[in-house]
Amino acid sequence: MDEMQKRVSRFAIGVAGAALGAAVIGTGAFAQDAVEEGAVEAQSETETEANASFDEAFPDMVSEPLVQGDLEAPGPMVEAWALEHVTALIDVIEGIGAEGLDPKDYDHTALKELAMQGPSEALNKLASKNFVWLVEDLRDGRTPMEARVQWFVVDPDRDILRSRALLSEALTKGDVAGTLAKLHPTHPDYAALRAELAKTPAEDVAKRKLIRANMDRWRWLARDLGKQYLITNVPEYQLRLTVADKIISTYRTVVGKPGRTATPQLAETVSGVVFNPTWTVPQSIVKGEGLGERVLANPAWARSKGYKATRHDSGWISVVQQPGPTNSLGRMKLEMPNRHAIFFHDTPSRHLFNNDMRALSHGCIRTERALELAITMAILGKGATKEEAVKIATSGEYTKVMIEDKMTAYITYFTYGVDIDGNLRQFKDIYGRDAPVLASLDKPRVQNRSGESDDEVIVIEDDLQDG
């Protein structure tokens, strides 16, 4: 075993311990630098500049339907309400401001007036309606889909926590408050926002609205994100590897530029890790920028860049960049098939991670210390042992490792929240996505809301060059 493999092996032993014992993996430099020691540094400034124009294009991704379930709106539902249960519902509504919602949305005054008149069918209808509205807003979020720009996460909670079943449960058990309380997001960052809202003065209207908007964004996600998952907050430029809601490791990211190449919000399954990937160059570069002819005409230059070109019988040229330190996808990518062709990957342009503003890509998310992440994912997902992961990572050969214990990757967008150091702070709204959410808080509650976005799906596939 050469020195490079020894250094990666030492790293992998530590990762294996984390996988088996759920121990914390440090966030310092890991195997990435060891594997590539001297490789990137040896490139000339000219080579780096040449790569920069091609370092953000991606191979075709398999399109699959979203896995979350049926989102049909519930039909009319009315239950008989005892006055004590109506009183409990009124109490919940009076205190709902603590969750960032508005009591006026739930006919607070009318419920009180009807309750004073005693049991009635009108009271049953009004109480049932407002209970269901509370369920919808606490479970799914109050913000209508048209205000959730490029938010394609389909929340599974509507299938798991059915409105009709919750209404019956609340009245059968006589626990209106408890039934509604179990709809709150379980992530500790939501609790931190709730606490911050409670101590923010009423006069600070702008801050309170921003907190409320970001509390609602947590409700757009699954209530329980899972035992282990990846989560990235695009405006923070950070990726977290998380186990039991505890951060195991963090990685700086480069995300999509504002505009058509802005990174969309997704919740997708990571099914595998590709080590030493190839890059199929888009025809917009092969033909449009003349790369195909240049590769065929300059074999020595093409070899230095890892390009292989094939001229087909029809005259069409295809170009594939082979694995290596100059490959546009770097040393790894995470396989997560989706209709947007978005995934996490490495990059040879690692200097970009030193920028404060890192909205520079064409949609996909580049991660620092990407090889460390890849090896960790392979081991945690039981796709490879530490020895196998080290051998694959250092082989220089294209290898796809399928993950047995699949993991969800959440690509989110929060402009106020807990950063990787555990501090609450505001993040720059790099895509201008706050305005419609904040505006919706001032408008009447939208009824019969859709659970799926009808925004345009922008597939990342052509002319994906670095900015």
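What volume does the largest cavity have? About 120 Å³. This is a predicted model, where local features need pLDDT of at least 70, side-chain atom pairs count only at pLDDT 80 or more, and totals for chains, interfaces and linings use all residues. Residues are numbered from 1 along each chain as its sequence is written, and side-chain values use heavy atoms, with hydrogens and water left out.

A cavity here is a set of points on a 1 Å grid over the protein atoms alone where a 1.4 Å probe fits but cannot get out; lining residues have an atom within 4 Å of a point. Points are joined across faces, edges and corners, and the volume is the space filled by probe spheres set on them. Three cavities reach 30 Å³ or more.

The largest cavity is lined by 14 residues. Closest to its centre are Asp140, Arg148, Arg158, Ser450 and Gly451. Its lining holds five nonpolar, four polar and five charged residues. Asp, Glu, Lys and Arg count as charged; Ala, Val, Leu, Ile, Met, Phe, Trp, Tyr, Cys and Pro as nonpolar; the others, Gly among them, as polar.

The second largest cavity holds about 50 Å³. Its lining includes Arg148, Trp151, Arg217 and Val437. Six of its lining residues are nonpolar, one is polar and three are charged.

Val437 also belongs to helix α17 (residues 434-441), where Asp434, Val437, Ser440 and Leu441 are buried (under 20% relative accessible area, 1.4 Å probe, protein chains only). Helices are DSSP runs of H or I, at least four residues, numbered from the N terminus.

Key:
Buried < 20%, exposed > 50% of the residue type's maximum accessible area, 1.4 Å probe, protein only. Helix = DSSP H or I, 4+ residues; strand = E, 2+ residues; numbered from the N terminus. 1 Å grid on protein atoms, 1.4 Å probe; cavity = no way out; pocket = protein on both sides within 12 Å on 5 of 7 lines; lining within 4 Å.
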